[in-house]
Amino acid sequence: MSEILIRGAERVVTMNADRAEVAGADVLIRGGVIAGVGPGLQTTGEVVEARGCVVTPGLVNTHHHLYQTLTRAVPGGQDALLFGWLKTLYPIWARFGPEEMRVSALVGLAELALSGCTLTSDHLYLYPNGARLDDTIDAAREIGLRFHPTRGAMSIGESAGGLPPDALVEAEPAILKDMERVADAFHDPSDGAMVRVGFAPCSPFSVSRDLMREAAILARDKGVMLHTHLAENDEDIAYSLEKFGCRPGQYAEDLGWTGDDVWHAHCVKLDRAEIDLFARSRTGIAHCPCSNCRLGSGIAPVRRMRDAGVKVGLGVDGSASNDAGNIVAEARQAMLLQRVANGADAMSAREALEIATLGGARVLGRRDCGSLEPGKRADIAIWDVSGIEAAGAWDPVAALILCGPTRVRDLFVEGRPVVRDGQVTTLDLGRAIADQSRLARRLMA
């Protein structure tokens, strides 16, 4: 069985139960699993020197729309609130097809990998011109990231009082049929799984109550998780009160959308009762601080959520609303926003790093990931703290969040190298970027 020894790290951040940080330590990988953490480990396999580096668990991204990597900085959406932003972008997205989905996923996943991400979810809720969830799964397999794609959907178009154009919505029986197809074809519930599928109707304002309920029933039958957008901004709350006569948390609970197998994106506007509901039910939250800032949605009450016991992970959200896909930068932003809202002692750098690693793994139901301990999967990020970004830093672990670096030196997923010396090893990134530029020019025409 093959081995890799990461040797002599300045600090290994384990995220174990004691949150131990071990100086001058090694990490031994054997067959895709962590076999040991500590000083003086030995191997007959490959040795990766980690002097001057901090080693952490791979970071986890709990919310993304990878297809949006093709629509960054679109002029009509640069200064719009959520609903206006969507109105601008829907007609562009309607021109996508399988190639756009695959190429945008390749570029977005590579960007995540370079920021230390080993596990990411994706929320794909539109399927124009023959596009399928399979397109993004193929991209993730090529790059080698651990992937939780969700089969999203929109079923209520403009003609029925919804937000999306009719060309981008699907019939609900067809949605449920394809959800069943992708679960049967791709979902792997085993430890070490590289692909797990979820079901993700886009939002309460783009699908019917019946679809939300039926998707929840089907998900539990198939043993997959549930995901959607919830309580993202004031418009979202107003819509819920007007159309459903209740707040989003109550709407979710009424339809079976709370529980340990559910996580919601954003939740900027949850009130105290909804936070308590999510804590009791073990419902997870994907916190997307940069996107929330970009769209003016507000500051999510993450401090209150964490104190109540809510599971919280980080999400970069789509690259049309961020407009970046850097998960370690997202951790820094999460920390800064809680300090703006609650004071400079509201969140430490280490807590932000915990949310970005162990927190995200818990939200996605991955007990086999999120920490560096014997028996856990070998998803590992190596950060060189000897460069200019961390120059003068007294605390190399806090430096990752407070000053940098924001790009990994090396990244291993299931013990396989995805990034080496700051370069993606599994993809011709130059060609992928060129393909992305070609497709973007075509969409602009």
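A crossing of two helices is right-handed if the near helix is turned clockwise from the far one by less than a right angle. In this predicted model, helix 4 passes helix 5 in such a right-handed crossing.

Two packed helices are described by the angle between their axes and the distance between the axes. Helix 4 spans residues 172-186, and helix 5 spans residues 209-222. Their packing angle is about 20°, and their axes lie 11 Å apart. Helix 4 is therefore roughly parallel to helix 5, since angles under 35 degrees count as roughly parallel. From helix 4, the contact draws on E172, I175, L176, M179, E180, A183 and D184. These residues meet D210, L211, E214, A215, L218 and K222 in helix 5. By class, the contact of helix 4 with helix 5 has 7 nonpolar residues and 6 charged ones.

The largest pocket holds about 480 Å³ of space. Its lining comprises 31 residues. Closest to the pocket centre are R362, L364, G365, R366 and R367. Strand 8 (146-153) and helix 12 (349-363) are the elements that give two or more residues to this lining. The lining of the largest pocket divides into 12 nonpolar, 8 polar and 11 charged residues.

The second largest pocket holds about 200 Å³. L70, T71, R72, A73, V74 and P75 are among its lining residues. I92 and R95 also line this pocket, as do A440, L443 and M444. Helix 14 (residues 429-444) gives the most to the lining, with 3 residues. Of the residues lining the second largest pocket, 8 are nonpolar, 1 is polar and 2 are charged.

The structure holds 2 cavities of 30 Å³ or more. The largest cavity has a volume of about 130 Å³. It is lined by 17 residues, of which L82, W85, L86, H229 and E232 are the closest to its centre. Helix 1 (residues 82-93) makes the greatest contribution to this lining, with 4 residues. The lining of the largest cavity has 8 nonpolar, 7 polar and 2 charged residues.

The second largest cavity has a volume of about 30 Å³. Its lining is formed by G58, V60, T118, L119, C369, G370 and D379. By class, 3 of these residues are nonpolar, 3 are polar and 1 is charged.

Methods: Residues are numbered from 1 along each chain as its sequence is written. This is a predicted model: local features need pLDDT of at least 70, side-chain atom pairs count only at pLDDT 80 or more; totals for chains, interfaces and linings use all residues. Side-chain values use heavy atoms; hydrogens and water are left out. Axes are lines fitted to C-alpha atoms, for helices over the stretch in contact, and angles run from 0 to 180 degrees between N-to-C directions. Angles under 35 degrees count as roughly parallel, over 145 as roughly antiparallel, 65 to 115 as roughly perpendicular and the rest as oblique. Contact means heavy atoms within 4.5 Å. Ala, Val, Leu, Ile, Met, Phe, Trp, Tyr, Cys and Pro count as nonpolar, Asp, Glu, Lys and Arg as charged, and the others, Gly among them, as polar. On a 1 Å grid over the protein atoms alone, a cavity is a set of points where a 1.4 Å probe fits but cannot get out, and a pocket is an open set with protein on both sides within 12 Å along at least five of seven lines; lining residues have an atom within 4 Å of a point. Grid points are joined across faces, edges and corners, and a volume is the space filled by probe spheres set on the points.
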